[in-house]
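Open the model in your viewer and colour it by chain. The stops below say what to select and what is there.

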Amino acid sequence: MAALGLYNYWIVIFLMMAGFYVVIAQGNLVKKIVGINVLQTSVFLLYISMGKVQGGTAPIVVAGATSYSNPLPHVLILTAIVVGIATTALGLALAIRIKEAYGTVEEDEIHAQDESL
Amino acid sequence: MIAPQIASQIPLALSLAIPLAGAVGIIAARRTPNLREAVTLITAGLLLLAVWSLLPAVLAGERPALTLVELLPGVAIALRVEPLGMLFAAVATLLWPINSLYSIGYMRGNREAHQTRFYVCFAIALGAAIGIAFAANLLTLFIFYEILTLSTYPLVTHKGSEAAVRAGRVYLGILIATSIGLLLPAIVWTWHLAGHLDFVPGGLIAGHLDGPLLAVLLGLYVFGIGKAALMPMHRWLPAAMVAPTPVSALLHAVAVVKAGVFTVVKVLVYVFGLESLQSVPSAQWLLYAAGFTIIAASLIALHQDNLKRRLAYSTVSQLSYVVLAAAILAPISAIGAALHIAAHAFGKITLFFAAGAIYTAAHKTEISQLDGIGRRMPWTMGAFAIGALSMIGLPPAAGFLSKWYMLLGALETEQLVAVAVIVASTLLNAAYFVPIVYAAFFRSERAAAGEAPSHGEAPRPMVIALTATAALTLLLFLFPEVPLTLARQLVES
Amino acid sequence: MIAAHLPALQVVVPLLAAPICLLLGRGRWAWAFATAVSWLTLAIAVALLSQIGNGDLPGYAFGDWPAPWGIEYRVDRLSAFVLLIVSGIAAAILPYAWRSVAREIPPEQQAIFFTALLLCLAGLLGITITGDAFNLFVLLEISSLASYTLIAMGRDRRALTAAYQYLIMGTIGATFILIGVGLLYMLTGTLNMADLAIRIAPLQESRTLHTAFAFLVVGIGLKLALFPLHLWLPNAYAYAPSVVTAFLAATATKVALYALIRFLYTIFGVAFAFDAMLTHWILLPLSLAAILSASLVAIFQDDVKRMLAYSSVAQIGYMTLGLALVSVTGLTAALLHLFNHALMKGALFLALGAVAYRLGPVRLTGMAGLGRQMPWTLAAFVVGGLSLIGVPLTVGFVSKWYLILAAIEAGWWPVAALILIASLLAVLYIWRVVEVAYFRPRPAGAEAVTEVPLALLAPTWALVLANLYFGLDTRLTVGLAETAAAGLFAGVAR
């Protein structure tokens with residue numbers, strides 16, 4: 001039962017593996033970026049769930065609240081999300097440039113074009 | 001007390017600075033060949049003065065020393081003149097002016113290209129040889145050893161032809177592979193064992209290592225010093241013969257190869273110590289390796305028709321005399337080793353000068369073409385005969401003396417193998433040198449089809465040079481006091 | 001007054017300079033500004049080093065929040081050493097960038113180029129100076145994103161795919177690092193490196209700690225191009241603009257190595273990283289495989305930039321090998337090689353960049369006969385190559401000396417032998433270029449080329465002379481590396 005109680009971690013691990021698999025297995029450059037996003041999202045969830053304190057409320061001082069969730073992981077992950085967006089934007093920009101240069105975003109077709117040079 | 005020390009440091013510093021300054025001067029004078037050659041000759045003359053001015057002090061027992069820069073904590077690039085190094089440096093610097101004179105005749109006579117590069121590399125190589133001779137510790141020696149390898153590479157590949165590039169590959173390949181692959185770990189190991197790298201009379205690692213591991217370290221050193229051309233590390237020497245003859249003469253009969261055997265002797269005496277080696281039976285293998293090289297190289301030389309290649313294999317065999325003499329591990333044979341460094345230098349440079357003179361005057365490179373050439377080139381072939389005598393070890397040439405001391409040492413320690421090797425190789429030396437002299441003087445010339453040979457002697461500078469070195473070979477036999485004193489100091493220290 | 005703020009300025013100056021650079025717009029102005037900034041960062045690094053020489057360890061608490069709550073920058077000998085080489089390389093490369101970038105980057109992109117270069121520099125310096133594990137991740141991403149952009153600016157379209165590949169691999173690496181840092185925070189509730197080290201010490205058996213360790217080592221290994229995670233590197237180096245290749249080859253992997261050393265020694269500690277997790281038994285075979293396989297592959301490359309890129313993979317192997325020897329001498333060797341390899345590869349890639357300035361993409365056959373036509377450039381290449389081989393009087397000899405000494409001290413003879421064999425492989429691939437450049441004639445019909453302008457030669461030779469200078473006068477490098485290594489082993493900041 002303890003294992004089920006940690007369901008948030010199971011979700012994290014599932015998302016992580018799914019994202020990782022997509023990055024490795026997909027030949028489409030845009031889908032790879034999606035995979036990277038899923039992988040990163042799993043880490044965001046990991047951080048957020050570690051900040052949760054049982055019975056704690058949002059970390060805003062209000063009367064009657066004695067226990068607060070830890071705000072630091074949220075702050076950290078806000079930064080990580082920004083970084084993730086930047087990575088996604090750059091990756092997609094590169095994909096567009098590759099599409100312009102090669103006329104495709106499929107990895108094996110790009111390889112074939114470079115080989116034939 | 002300070003004043004005399006500084007007085008001896010000045011020529012020591014100069015003996016490194018002069019070749020470097022000479023190299024710069026040669027580059028500066030590259031547009032006017034006469035000035036450039038004058039710079040070479042002046043540099044050679046100044047270096048001779050600087051090095052020989054150290055000789056009286058060293059003979060009197062002084063050891064001038066100079067620290068240049070601390071490279072790693074505890075190891076500096078430092079110079080210290082000891083007897084053996086003095087002998088090596090004196091021989092090399094005495095021969096450089098003569099060789100420069102000869103080079104001018106040869107390079108102009110054969111209209112070689114890139115002469116500035118040639119003289120610059122030559123000057124740097126000589127400076128590196130002096131650095132090896134005067135090195136105060138293993139690291140300094142190693143640094144100059146590598147500089148010598150790199151500075152002679154452009155000389156070996158001077159012609160720029162496919163054959164020259166291939167020979168350069170062998171040259172650099174063997175010398176760099178042995179020095180980085182074997183010598184460097186040997187030095188690091190020594191540093192790890194002893195905590196310092198200074199040459200110490202009696203042995204730097206004496207007492208730190210014994211038994212079979214000592215024999216292993218000895219192997220790393222002796223084979224790592226590829227310039228000593230102990231088989232199977234000898235292949236670079238015949239390959240280097242593709243270079244212009246002045247290079248073969250001064251560098252590959254004197255400076256480079258002597259740097260090799262000099263380093264071997266130095267390592268045996270100052271790193272291992274003769275006495276501590278005597279107590280390790282497994283170190284005996286060096287004697288057999290040297291003996292094998294002497295005989296095998298002589299046998300190969302016997303089959304070479306190309307004159308320079310025969311001389312090269314003769315050098316391989318003669319170098320191992322020095323190693324053999326040192327490996328006998330008796331003080332008296334160590335004297336022989338030191339003497340042979342000088343004796344072989346004078347004799348072999350004469351032989352190479354003669355080969356180059358024949359090539360310049362008659363464009364002949366093969367021994368079978370030399371019938372009757374002695375009558376057209378009497379000075380050249382006369383000098384060749386004296387050089388050959390010295391190689392065989394007959395009086396009145398200097399080679400007799402060094403072989404004599406080696407034999408005495410071998411008999412004293414009852415190393416019958418060494419005695420047998422020396423005797424057998426003397427016969428082999430005679431077998432490959434006497435026929436050349438005989439054919440040159442006593443066979444009649446064979447007129448090649450359609451052309452009448454019309455050459456005479458080689459250009460005057462070349463003849464003067466080879467006569468001078470032949471005379472030195474005889475003089476060394478008659479007046480061996482200075483090298484003998486130095487060699488004795490080496491053993492006594 | 002300013003002296004107290006130097007640790008912050010080291011990163012803040014290039015970070016703030018980057019957007020200004022973008023606003024300057026025109027290529028020439030952006031270049032001049034970026035160059036001035038790079039020299040200023042070098043001056044700050046030297047000033048920090050001299051503060052350490054005076055006996056104190058400069059630190060800076062952002063917003064006056066004391067550590068472990070606030071973000072803290074902390075400078076010890078290790079970080080000062082890396083700061084010096086990173087800012088020094090930047091200061092040498094930016095003057096070179098003027099002519100090289102004018103040739104290789106379209107005018108409208110030049111301001112963006114210098115902006116990205118400054119961001120990359122700021123990120124690399126930040127990784128080196130920060131005392132906060134999460135801050136390290138952020139700065140790592142700043143430098144990485146900037147370097148993906150820089151690589152993609154290469155003229156060849158394959159630069160795009162190379163940058164993309166690097167982006168994917170780099171982001172996976174960074175995400176792993178993020179996971180590792182997150183797990184450490186979960187375990188200890190702190191992100192300050194010094195504080196982490198104290199809190200981790202009693203938790204050696206924790207499964208979470210082991211997981212964090214594994215994620216961090218693999219993540220940094222990706223950034224470091226540790227064999228077999230190096231696949232992104234050869235293409236990225238080969239197709240990036242010349243300046244970028246020289247800059248990244250000399251600094252990016254070095255800073256990743258710094259991060260690895262920081263995590264292994266300062267945060268996890270020698271006892272956990274090596275005695276418990278046996279990291280050296282992973283690093284050792286990987287390092288040896290990197291050294292041998294990458295050297296062998298380098299021999300067969302036709303593209304000279306690629307050849308040097310594979311050589312870099314091999315040289316990174318030397319550095320991690322120094323770590324794997326787990327001794328003060330081994331760590332000293334790794335640190336020395338970190339510094340020295342930056343100098344060698346910087347000089348070599350700049351020399352190649354000069355060739356590319358005249359010839360475009362550098363294939364081996366295209367270099368035939370250049371020894372005569374571009375004597376200074378090729379001479380720089382030869383000296384850099386000799387340094388790579390490890391010839392005495394160059395920096396390469398110093399690091400090789402310590403590496404062999406460390407192997408012999410440990411009694412690992414086969415390792416010493418492999419190091420030497422690999423040096424000989426370096427002779428092979430360097431000499432291939434030398435022979436072609438000096439002994440082959442220019443191909444018939446090829447246009448005559450002349451020596452490159454002084455603006456390219458001077459920075460190249462500055463690095464070449466640094467190779468020789470630090471090969472002769474080793475007091476600074478060996479002194480710093482030895483003290484830093486001893487301090488890391490003792491677990492104290494020095």
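Two pairs of chains touch, and chains A and C make the most contacts, where contact means heavy atoms within 4.5 Å. This is a predicted model, in which local features need pLDDT of at least 70 and side-chain atom pairs count only at pLDDT 80 or more, while totals for chains, interfaces and linings use all residues. Residues are numbered from 1 along each chain as its sequence is written, chains are lettered from A and ligands numbered from 1 in the order in which they are written, and side-chain values use heavy atoms, with hydrogens and water left out.

**Stop 1: chains A and C**

Select the contact between these chains: 35 residues of chain A and 28 residues of chain C take part. About 2900 Å² is buried between chain C and chain A, 80% of it from carbon and sulfur atoms; buried area is the accessible area (1.4 Å probe) that two parts lose on being put together, summed over both. Now pick C:Arg157, C:Tyr164 and C:Tyr185, which supply 25% of the area that chain C buries against chain A, more than any other three residues.

How many salt bridges are there between chain C and chain A? The count is zero, a salt bridge being a side-chain nitrogen of Lys or Arg within 4 Å of a carboxyl oxygen of Asp or Glu.

**Stop 2: chains C and B**

Move to the contact of 27 residues of chain C with 32 residues of chain B. Here about 2600 Å² is buried, and carbon and sulfur atoms give 80% of that area. Select C:Trp401, C:Glu435 and C:Phe439: they supply 24% of the area that chain C buries against chain B, more than any other three residues.

**Stop 3: chains A and B**

Show chains A and B together. No contact joins them, and their closest C-alpha atoms lie 32 Å apart.

**Stop 4: a pocket**

Which residues lie nearest the centre of the second largest pocket? Select A:Glu107, A:His111, C:Thr161, C:Gln165 and C:Asn235, which are among the 25 residues of its lining. A pocket is an open set of points on a 1 Å grid over the protein atoms alone, where a 1.4 Å probe fits, with protein on both sides within 12 Å along at least five of seven lines; lining residues have an atom within 4 Å of a point.
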